[in-house]
Amino acid sequence: MDEKVKVEHLTKKYGDLLVLDDISFSIKKGEFLCIVGPTGCGKTTFLNLLTKIIEPTSGNIYIDGIPADPKVHNISSVFQEPSAFPWLTAEENIEYGLRIKKYDNKYIKEQSSKILALLGLEDYKNVYPRDMSVSMEQRVVIGRAFAMNPDLLLMDEPYGQMDIKMRYYLEDEVIRLWKVTGSTVLFVTHNLEEAVYLAERVLVLTNKPATIKTEIDVGLERPRKVSSPDFVEIRKQLTDMIKWW
Ligand SMILES: Nc1ncnc2c1ncn2[C@@H]1O[C@H](COP(=O)(O)OP(=O)(O)OP(=O)(O)O)[C@@H](O)[C@H]1O
Ligand SMILES: [Mg+2]
C-alpha cells in the first residue's frame with residue numbers, strides 16, 4: 001500500500017480535557033477519506049494537529065514517512081467559513097499560493113486556467129469576493145487549495161453553510177477536482193449522506209474523547225446515486241453505527 005499519512009497513537013488533551021484518545025490509522029496516497037463524528041468530538045482538533053497549528057499531547061503523524069511538517073509538506077486547508085482574500089480577484093486568489101511558492105508564470109497561468117475551467121468560472125475570473133455569493137467564494141477557495149497540487153488537502157465541513165442543491169453540485173465538483181489532481185483528501189463532515197457520496201472510506205469517530213469507532217469502505221462506482229439500493233444500504237449501516245451519538 002502506498003501510504004500517504006500515518007497517524008500513530010495520537011492523543012490530545014487541552015489541560016485536563018481529553019479530546020483525542022490514542023488514535024491510529026493511515027490514509028493511502030490519492031485516497032478520498034471522510035471523517036464523521038459528533039459535534040465537539042475533536043475533528044477540527046485533529047486537522048489542526050496535522051497542520052501543526054497545535055501540538056499533540058502524545059503520538060505521531062507522518063506524511064510520506066516523515067513527521068508532518070507544514071514547512072516540508074504541501075498541505076492545503078479549506079474551512080467552513082469561506083476565506084478568499086478580499087483584495088484579490090477569483091483568478092488571483094487561485095494563483096495566490098502558487099505565487100508564494102514562486103512557480104514560473106507560465107505554470108501558474110496553466111494551473112489557474114485549468115482550475116477555473118474545472119470550476120466553470122472562466123467568466124468570473126476578474127470578480128472580487130465582495131461580488132460573489134458564499135458558495136462561489138467557497139468554490140474559489142477550494143480551487144485555490146487544489147491549484148497547489150497539495151500532498152494533502154484538509155477540508156473541514158466546507159459545505160456546512162450551503163443549501164442541499166448547491167451541496168450536490170459542489171460535491172460533484174470536488175470529486176472532479178480530486179480526480180484530475182490526484183490529491184489525497186481528508187474531508188470532515190457531520191453529514192452521513194455527504195460522506196457516503198464522496199468517500200472511498202469513512203472513519204467514524206466516537207464521542208469525546210474520540211477514538212475510531214469503525215471504518216466503512218464505500219467502494220461504490222462513480223457517479224454515485226443517493227437513491228440507489230447500494231448507496232441506501234451503506235448510508236443505513238453508517239446511520240446504525242452512530243445511533244449512540
Ligand atoms: N484551544 C482549545 N482549548 C480548550 N479546549 C478546546 C480548544 N479547542 C477545542 N477545544 C475543545 O475540544 C473539544 C473538541 O473540539 P473540536 O473543535 O476539535 O471538535 P469538532 O469535532 O471539530 O466539533 P464540531 O463538530 O463542532 O466542529 C471540544 O470540547 C472543544 O470545546
Ligand atoms: Mg470542527
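The dialogue below concerns a predicted model, beginning with the ligand and continuing with the salt bridges.

Student: How many residues surround ligand 1?

Tutor: The model is predicted, and its ligand has a shell of protein residues. The closest of these are Gly40, Lys43, Thr44, Thr45 and Lys208. The number of residues that surround ligand 1 is 13.

Student: How do the residues of the shell around ligand 1 divide into nonpolar, polar and charged?

Tutor: Gly counts as polar, whereas Lys counts as charged. By such classes, the shell around ligand 1 divides into 5 nonpolar, 6 polar and 2 charged residues.

Student: Which element supplies the largest share of the shell around ligand 1?

Tutor: Strand or helix, two elements each supply at least two residues of the shell: β2 (17–28) and α1 (43–50). The largest share is 3 residues, and the element it comes from is α1.

Student: At what distance from an oxygen atom of ligand 1 does a polar side-chain atom of Lys43 lie?

Tutor: Several residues place a polar atom beside an oxygen atom of the ligand, among them Cys41, with a polar backbone atom at 3.2 Å. Thr44 has an N or O atom of its side chain 2.8 Å from a ligand oxygen. For the polar side-chain atom of Lys43, the distance is 2.7 Å.

Student: What percentage of the accessible area of ligand 1 does the protein cover?

Tutor: On its own, ligand 1 has 640 Å² of accessible area. The part of this area that the protein covers is 60%.

Student: How many salt bridges does the structure hold, and which residue forms one with Glu31?

Tutor: The structure holds 13 salt bridges. In one of them, the closest N and O atoms are 2.8 Å apart, and Glu31 is a partner. The other partner is Arg201.

Student: Why does the pair of Arg201 and Glu31 tie together parts of the chain, and how many residues apart are these in sequence?

Tutor: Arg201 is buried, and Glu31 is buried as well. Arg201 belongs to strand β9 (residues 201–205), while Glu31 is in the loop between β2 and β3 (32–36), so the pair ties together parts whose separation in sequence is 170 residues.

Student: Which helix holds Arg167, the salt-bridge partner of Glu194?

Tutor: The side chains of Glu194 and Arg167 meet at 2.9 Å, N to O. Because Glu194 lies in helix α6 (residues 192–198) and Arg167 in another element, the pair ties together parts 27 residues apart in sequence. Arg167 lies in helix α5.

Student: Is Glu194 buried or exposed?

Tutor: A residue is buried when its relative accessible area is under 20%. Glu194 has a relative accessible area of 2%, so Glu194 is buried.

Student: Is Arg235 buried, partly exposed or exposed?

Tutor: Arg235, in helix α7 (residues 229–241), is linked to Glu193 in helix α6, 42 residues apart. Their salt bridge has its closest N and O atoms 2.7 Å apart. Glu193 is buried, with a relative accessible area of 18%. Since the relative accessibility of Arg235 is 27%, Arg235 counts as partly exposed.

Student: What separation do the C-alpha atoms of Arg176 and Leu119 have?

Tutor: Arg176 has its place in helix α5 (residues 164–181), and with 35% relative accessibility it counts as partly exposed. Arg176 and Leu119 are 57 residues apart along the chain. The separation of their C-alpha atoms is 9.1 Å.

Note on methods: Residues are numbered from 1 along each chain as its sequence is written. Chains are lettered from A and ligands numbered from 1 in the order in which they are written. This is a predicted model: local features need pLDDT of at least 70, side-chain atom pairs count only at pLDDT 80 or more; totals for chains, interfaces and linings use all residues. Side-chain values use heavy atoms; hydrogens and water are left out. A residue is near a molecule or strand if one of its heavy atoms lies within 4 Å of it. A polar contact is a pair of N or O atoms within 3.5 Å; within protein, one must be able to donate a hydrogen and the other to accept it, and residues adjacent in sequence count only if both atoms are side-chain atoms. Accessible areas come from the Shrake-Rupley method with a 1.4 Å probe; for residues, only the protein chains shown count as cover. Helices (H or I, at least four residues) and strands (E, at least two) are DSSP runs, numbered from the N terminus. Buried means under 20% relative accessible area, exposed over 50%, partly exposed in between (1.4 Å probe, protein chains only). A salt bridge is a side-chain nitrogen of Lys or Arg within 4 Å of a carboxyl oxygen of Asp or Glu.
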